[in-house]
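Please read it with the sequence and the coordinates open beside it.

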Amino acid sequence: MSAAVPTEAQDLTPVRTDSLAGLLIAAERPPRPGALSACLTFGWRAMLKIKHVPEQLFDVTAFPIMMVLMYTYLFGGALAGSPGEYIQYLLPGILVMSVVMITMYTGVSVNTDIEKGVFDRFRTLPIWRPSTMVGYLLGDALRYAIASVVILTVGLIMGFRPDGGFVGVVAGIAVLLAFSFAFSWIWTMFGLLLRTEKSVMGVSMMVIFPLTFLSDIFVKPETMPGWLQAFVNNNPVTHVSSAVRALMDGTSPTTALAWTFGWALLLVAVFGPVTMRLYNRK
């Protein structure tokens, strides 16, 4: 069979792409997103992950409720005479403990995205480099706020009555969220440094448990041995807990607030640059 011969009707002229390429080059490119816009976008991404996997909210709903009920009714009578008296002291501390403990999931999320290869795509985007990390932290701030509302609701039902009123409660939560945002930078560093999410969770719990339990969350430091008081009184979680408790009680925690914000600035100043250095080299 003979090969087909092109007819006059067939156009064998190669398609020229010069004009199309010229149009693409000449077209005005979209403006580069600003730092705030990029951070909010990645924060919205973190919130969408919660929307599609609502089971992630278990640790900010069921876990705090269990903690409040268990510690109030187990130790309230022995430590304060009655659960109603003890919850006035305990609830601000449990609020701090619950939020501080769930900050580790920021590092777990970072590590998970690295394993899935999503971070490789983020690094190629023309955006402000820290916006990816800040987005994680902004998204997790919603989780902290949800945990705070859940704990306060349960506490009010159980008899917690903050003398500071609505303003004191909101101020206490704001201080806690600010500290938790700074504290989360530790776990973003571990999320980039360690190879698996199980390693991130293991290291996080080794740090969080001593900081939360060796503090004034459950009892006053005055009841502890002198050598233990030295650690508890200089524990950042103690400073945060004292500040939140005082604000909800309607008193002025000047010293505790100064220590809390000092710790927050120190955490960001130390672990922020380390995190970004690891991120750029990942």
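Helix 11 passes helix 12 in a left-handed crossing, where a crossing is left-handed if the near helix is turned anticlockwise from the far one by less than a right angle, and right-handed if clockwise. This is a predicted model, in which local features need pLDDT of at least 70 and side-chain atom pairs count only at pLDDT 80 or more, while totals for chains, interfaces and linings use all residues. Residues are numbered from 1 along each chain as its sequence is written, and side-chain values use heavy atoms, with hydrogens and water left out.

**Helix 11 and helix 12**

- Helix 11 (residues 236-249) and helix 12 (residues 254-281) pack at an angle of about 135°, with their axes 8 Å apart; axes are lines fitted to C-alpha atoms, for helices over the stretch in contact, and angles run from 0 to 180 degrees between N-to-C directions.
- Helix 11 and helix 12 are therefore oblique to each other, given that angles under 35 degrees count as roughly parallel, over 145 as roughly antiparallel, 65 to 115 as roughly perpendicular and the rest as oblique.
- Helix 11 contributes Pro236, His239, Val240, Ser242, Ala243 and Leu247 to the contact, and helix 12 contributes Ala256, Leu257, Trp259, Thr260 and Trp263, contact meaning heavy atoms within 4.5 Å.
- The contact of helix 11 with helix 12 has eight nonpolar, three polar and no charged residues (Ala, Val, Leu, Ile, Met, Phe, Trp, Tyr, Cys and Pro count as nonpolar, Asp, Glu, Lys and Arg as charged, and the others, Gly among them, as polar).

**Helix 4 and helix 8**

- The axes of helix 4 (residues 83-102) and helix 8 come within 10 Å and cross at roughly 30°, which makes helix 4 roughly parallel to helix 8.
- The crossing of helix 4 and helix 8 is right-handed, and the contact is made by Leu95, Val96, Val99 and Val100 of helix 4 with Ile173, Leu176, Phe179, Ser180 and Phe183 of helix 8.
- By class, the residues in the contact of helix 4 with helix 8 are eight nonpolar, one polar and no charged.

**Helix 2 and helix 7**

- Helix 2 (residues 35-52) and helix 7 (residues 131-158) have axes that come within 7 Å and cross at roughly 50°, so helix 2 is oblique to helix 7.
- The crossing of helix 2 and helix 7 is right-handed, and the contact of helix 2 with helix 7 has twelve nonpolar, five polar and two charged residues.

**Two residues**

- Gly76, found in helix 3 (residues 58-80), counts as buried at 0% relative accessibility, where buried means under 20% relative accessible area, exposed over 50%, and partly exposed in between (1.4 Å probe, protein chains only).
- Leaving aside residues up to four places away in sequence, Gly76 touches Tyr71, Gly81, Ser82, Pro83 and Tyr86.
- Leu194 lies in the loop between helix 8 (165-193) and helix 9 (197-213) and is partly exposed, with a relative accessible area of 21%.
- Leu194 and Val108 are 86 residues apart in sequence and 10.0 Å apart in space, C-alpha to C-alpha.

**Whole protein**

- The secondary structure comes to twelve helices and zero strands, where helices (H or I, at least four residues) and strands (E, at least two) are DSSP runs, numbered from the N terminus.
- Buried residues make up 42% of the 282 residues.
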